[in-house]
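Please open the model in your viewer and keep the sequence panel beside it.

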Amino acid sequence: MCITMDRVRIKETLVEEQYPEFMIEKTADKIESFSPVVAKAFSYWCERKEDSNLVVEGFSFKDLISKWRMKPVGAFITLDWLIREPEKAKKALNRGIK
């Protein structure tokens with residue numbers, strides 16, 4: 001269960017989501033440093049595998065998956081980036097960077 005954000009469970013989730021081995025450690029680092037709101041949404045998603053209703057700077061989890069074709073973990077990483085560096089993240093997304 002991801003509720004505690006345990007690194008072992010985070011890495012298991014990344015394997016389940018078919019992340020390449022070479023990306024797992026760095027991606028787990030990003031997940032462990034999520035802002036509280038994203039960490040809570042990620043934990044809930046880990047436990048239930050239900051889409052999150054999280055929206056940051058006009059970008060929703062659901063849109064990042066459906067319109068931007070991101071994997072769920074990538075969508076959470078992007079939402080966290082939008083919280084931490086909103087202008088930089090929005091510019092990158094608007095240019096088409098996923």
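**First selection: H3 and H5**

The crossing of H3 and H5 is right-handed; a crossing has this hand if the near helix is turned clockwise from the far one by less than a right angle, and is left-handed if the turn is anticlockwise. Helices (H or I, at least four residues) and strands (E, at least two) are DSSP runs, numbered from the N terminus. The model is a predicted one, in which local features need pLDDT of at least 70, side-chain atom pairs count only at pLDDT 80 or more, and totals for chains, interfaces and linings use all residues. Residues are numbered from 1 along each chain as its sequence is written, and side-chain values use heavy atoms, with hydrogens and water left out.

Two packed helices are described by the angle between their axes and the distance between the axes. To display this pair, select residues 36-48 for H3 and residues 72-84 for H5. Their axes come within 10 Å and cross at roughly 165°. Here axes are lines fitted to C-alpha atoms, for helices over the stretch in contact, and angles run from 0 to 180 degrees between N-to-C directions. H3 and H5 are therefore roughly antiparallel to each other (under 35 degrees counts as roughly parallel, over 145 as roughly antiparallel, 65 to 115 as roughly perpendicular and the rest as oblique).

Now show the side chains in the contact (heavy atoms within 4.5 Å). H3 contributes Val37, Val38, Ala41, Phe42 and Trp45, while H5 contributes Pro72, Val73, Phe76, Leu79, Asp80 and Ile83.

How many aromatic pairs does a search of the whole structure find? The search gives 6. Rings of Phe, Tyr and Trp (its six-membered ring) pair if their centres lie within 6.5 Å; planes under 30 degrees apart count as stacked, over 60 as edge-to-face and the rest as tilted.

Select Phe34 and Phe42, an edge-to-face pair at 5.7 Å centre to centre, with 80° between the planes. Phe34 is buried at 8% relative accessibility, and Phe42 is buried at 0% (buried means under 20% relative accessible area, exposed over 50%, partly exposed in between, with a 1.4 Å probe and protein chains only).

Next, select Phe61 and Phe76. Their ring centres are 4.6 Å apart and their planes lie at 35°, so this pair is tilted. Phe61 belongs to helix H4 (residues 61-66) and Phe76 to H5, so the pair ties together parts that are 15 residues apart in sequence. Both Phe61 and Phe76 are buried.

Which residue lies over the face of Trp45? Lys49 does, at 3.9 Å from the ring centre; a charge sits over a ring if NZ of Lys or CZ of Arg is within 6 Å of the ring centre and within 35 degrees of the ring normal. Lys49 is placed in the loop between H3 and S1 and is partly exposed at 38% relative accessibility. Most residues other than glycine have a negative phi. The phi of Lys49, however, is positive, near 55°.

Move on to Glu50, found in the loop between H3 and strand S1 (55-56). Glu50 is partly exposed, with a relative accessible area of 39%. Leaving aside neighbours within four places in sequence, Glu50 is in contact with Tyr44 and Trp45.

Asp51 is also found in the loop between H3 and S1, and is partly exposed at 47% relative accessibility. With neighbours within four places in sequence set aside, Asp51 is in contact with Phe61 and Lys62.

Select Ser35, in the loop between helix H2 (21-32) and H3. Is Ser35 buried or exposed? Ser35 is buried, with a relative accessible area of 10%. Apart from neighbours within four places in sequence, Ser35 is in contact with Asp80, Ile83 and Arg84.

From H5, the contact is made by Thr78, Trp81, Leu82, Ile83 and Arg84; from H6, by Pro86, Lys88, Ala89, Lys90, Ala92 and Leu93.
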